[in-house]
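Here is my note on the two chains. Keep the sequence and the 3D view open as you read, and check each point as you go.

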Amino acid sequence: MKYKDQSQQPQIVIPKDVDVLNFNTVKSPSGAVVHYVESTELDVVRISVVFRAGVRYQSHPFTASATVNMLAEGTTLHTSEQLSETLDYYGIYYNTSVDRDYSIVTVCCLSKFLAETLSFLEEILTSPTFPENELEIYASKRKQSLAIQRTKVDVMAAEAFWKAIYGEKHPYGYSSEASEYDTLTSEHLKDFFKKYYTLDNSFTVISGKLKDDVVEKVLRVVDKLPRGERATGTIPSAVSVTEMRVNKKEAVQSAIRIGRALFPSNHPDYVTMQVIATVLGGYFSSRLVQNLREDKGYTYGAFAQVNCLEESGYFVITTQVASEYTQASIDEIFKEIEIIKNELVSEDELNMVKSVMIGEMMRILDGPFGICDVTIENLQNNTDNRHISDIVNKINNTTPEMIIEAANKYLNDLSLVVVGKE
Amino acid sequence: MIDYRRKVLSNGLTVVAHRDTATRMSVVNIIYKVGARNENPEKTGFAHLFEHLMFSGSKNAPSFDIPIQVAAGENNAFTNNDYTDFYITMPKENIDTALWLESDRMTDLNINDESLDIQKKVVVEEFNERYINKPYGDLWHKLRSAAYKVHPYSWPTIGKTPDHIKNASLDDVRDFYRRHYYPANAIIAVAGDYEYDEMFDMVESRFGHITKQGEPSAVLPIEPPQSNAREVTVYGDVPAALVYVAYKIGGRLSPDFVVCDTISDLLSNGNSSRLYQSLVKKEPLFTSVNAYITGDIDPGLFIACGQVADGVDPRKAKDALVEQLKAMSCEKVGLYELTKVQNKFESNTLFGEVNIMDKAMNLCFYEMLGDISLVNNELSMYRSVTPDMIIDTSADIFRDENSTTLYYLKK
């Protein structure tokens, strides 16, 4: 065996594109739609049903999350306990999620248990009963876990940040007192379900091994959802505040968030802002991690991100630092923001950032489940998986000048949120 | 089923390879057989601190992270009580960059005062963020030190106190590196769309020249059998009371391990399980309950725990929890219920082997345990657990004198 010379760094091949399968679509005569992406490695099927039924549509606190979380807590045919038995006996992975815009129901199963999984899915999506006694148990559990969450500085800072950039009453900004769980009734959930869990207000994505008419079988289930209307709602403009500080006297670390509201992901500057966020705090060698962690040791981690919502989006820098370095850390963050607004990013750094971003996409798309998440996101944004190539091209075409321009355009009027010992 | 082959190089490095033809990505995963259990009780948190220092760059690669990032890769690491794991994913064309970096830091790590000082601060902030500035953050410190009197599992990976980290010296660091980081104390797994011979060759061409030899790890003290029930009460500024009951069980390779895991699944894997149905739904003493085993290499813990509902006496809640455990040794579990947890184990195993990274990590882990075939055989071991085995093992474990109870109460 000839050993390689360690003093020579291996050649690196920089990936310029990302392989991604587009999805196919089938429709039933009555208008049910299922999108599917086939992958053949494993005998598993994943099904996600996406409803435009996020928190922004609720008229009473916690209705959106309680509705999706309680779909499997009782139906006209089975009790909560019986439904749990079915899930556990067949080893079905069942998950629900809710954000400001959408609620998503996901099941994942071994192919051999598809029939049982589909009948479970059909039942919870067409005949949930939201029993009062189950709601009571649910509400008391959630109330307690919310109370625990809200003792953590990072959770407190996240909630304060949305209020700071959108406004206390804004659909993307508000949060509710835990005590509101006491006012939640089964009727709230039933009304919300009836209005938003309809065929016309949803879409379905499946991935995995799709042999033996899997797609048609799923389509037949989706076809049973009631007809309704596509949810609409207007999002008012954001009203931001410059600074919000929350005192937590026993805290040994402060949570800091700095950022602002931006735009949805179809905006022409979206990718450039993603590049900026990555340069600042999107990976280990990013400027904020190097500065606050590796150079000064103020923190265990620092991040910058651009997150998108259906009708908005925001840029945010997040970190948790030793209390005594709170102001020093804030100063360093603003210093880094000034630098990116005034100095061209070097070609080396920019190329590294491009590789990091493209590598991240390759990893997300690897495997049968990641492609499903990406497909959902693209459909939410009214596009398809070919959109990924456009994003990759835009990343590759980003120049240092574009970064300066966008940084000067958007990294102004930032809101600062600090939760910690004053 | 994960297909794999293994080989041991002449310097003692164990290489495990897995071919995955469905991906453009590749993985390099290295386990060093050193964790918090190998630490000096006066210098705890060291294995984890050292994991941070492994990113300080090496002789031929002054930056560890930059080449990975340029190559569109990603890397990270974790330390637990038993071992330290480093992983890198790359587009498959760039796997040699990952091997080059790992080889270089196995032999020629940059160790200096500057990087030590910074990483000490970073780790102290990690300590603050995860174990101090968080409700219940010190729970495992208290529980471990009560459950273990002799064995080094008595402290968590982060260490007993931030002072141990602050006091680490450059000599300590050099000594630790010399003793624990060498080929025969490591296992490397590579995975990607390559021929098996190609994978073995690429590892050997980067690691075969290394002759570094360390020291075999010291024999660890054996925790004597527990003869009295132990109890600890901690008061903190927390919104709800927690109850933890820990019972001593056998090690990862003991015959009881699979039975204990099955018992924990019967009790708490999923909402249909016994603890959730009886203690959260029927009689709401808890808002959440859980049972699991720690999965340590040396004799570990069976944990039953829960968050006590508002207004419920934590002692009453604990008694009801223990009653459920003891019932496992009295009444035979039905075949339906047993099949249910075995089915669930099967799907969890399959869902846990979806990505190439999971597969490489699992292979490395089982090879470290000393029986790589378990990666594919454990399912049949779970399927062969019988109701009688569950009764016998439960009777053996769920004895009061074998328990440590921790109450975490509102101040």
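1. **Burial in chain B.** Of the 411 residues of chain B, 52% count as buried. Buried means that 20 or more other C-beta atoms lie within 10 Å of the residue's own; 12 or fewer means exposed, and in between is partly exposed, with C-beta atoms placed from the backbone.

2. **Ground rules.** This is a predicted model: local features need pLDDT of at least 70, side-chain atom pairs count only at pLDDT 80 or more, and totals for chains, interfaces and linings use all residues. Residues are numbered from 1 along each chain as its sequence is written, while chains are lettered from A and ligands numbered from 1 in the order in which they are written.

3. **Overall build of chain B.** Chain B has 15 helices and 11 strands. Both are DSSP runs, numbered from the N terminus: helices are H or I with at least four residues, strands are E with at least two. The radius of gyration of chain B is 23 Å, close to the 22 Å from the globule rule for 411 residues, so chain B is as compact as a globular protein of that length. That radius is taken over C-alpha atoms, and the rule is 2.2 Å times the number of residues to the power 0.38. The C-alpha trace of chain B spans about 60 × 45 × 35 Å along its principal axes.

4. **Contacts in chain B.** Two residues are in contact if their C-beta atoms, placed from the backbone, lie within 7 Å. Take the contacts in chain B with a separation of 6 or more: residues 24 or more positions apart account for 79% of them.

5. **The sheet in chain B.** In what order do the six strands of the open sheet lie? The order is β1-β2-β6-β3-β5-β4 (chain B), with mixed pairing. Strands pair if DSSP finds at least two bridges between them. β1 (5-8) and β4 (74-79) of chain B are at the edges with a single partner strand each, so one side of each has no neighbour in the sheet. From one strand to the next, the twist averages 15°.

6. Strands β2 (residues 14-19) and β6 (residues 186-192) of chain B run parallel, joined by six bridges. Thr14(B) stands opposite Ile187(B) in β6(B). Helix α3 (residues 95-107) of chain B packs on the sheet, and its direction makes about 15° with that of β3(B). Helix α13 (residues 356-369) of chain B also packs on the sheet, at about 150° to the direction of β6(B). Axes are lines fitted to C-alpha atoms, for helices over the stretch in contact, and angles run from 0 to 180 degrees between N-to-C directions.

7. Ile293(B) lies in strand β9 (residues 286-293) of chain B. Is Ile293(B) buried or exposed? Ile293(B) is buried, with 21 other C-beta atoms within 10 Å. Beyond its neighbours within four places in sequence, its contacts include Ile249(B), Cys260(B) and Phe302(B).

8. **Chain A.** Chain A has 14 helices and 11 strands. Of its 422 residues, 49% count as buried. The axes of α9 (residues 287-295) and α10 (residues 326-342) of chain A come within 10 Å and cross at roughly 155°. That makes α9(A) roughly antiparallel to α10(A); the cut-offs are under 35 degrees for roughly parallel, over 145 for roughly antiparallel, 65 to 115 for roughly perpendicular, and oblique for the rest.
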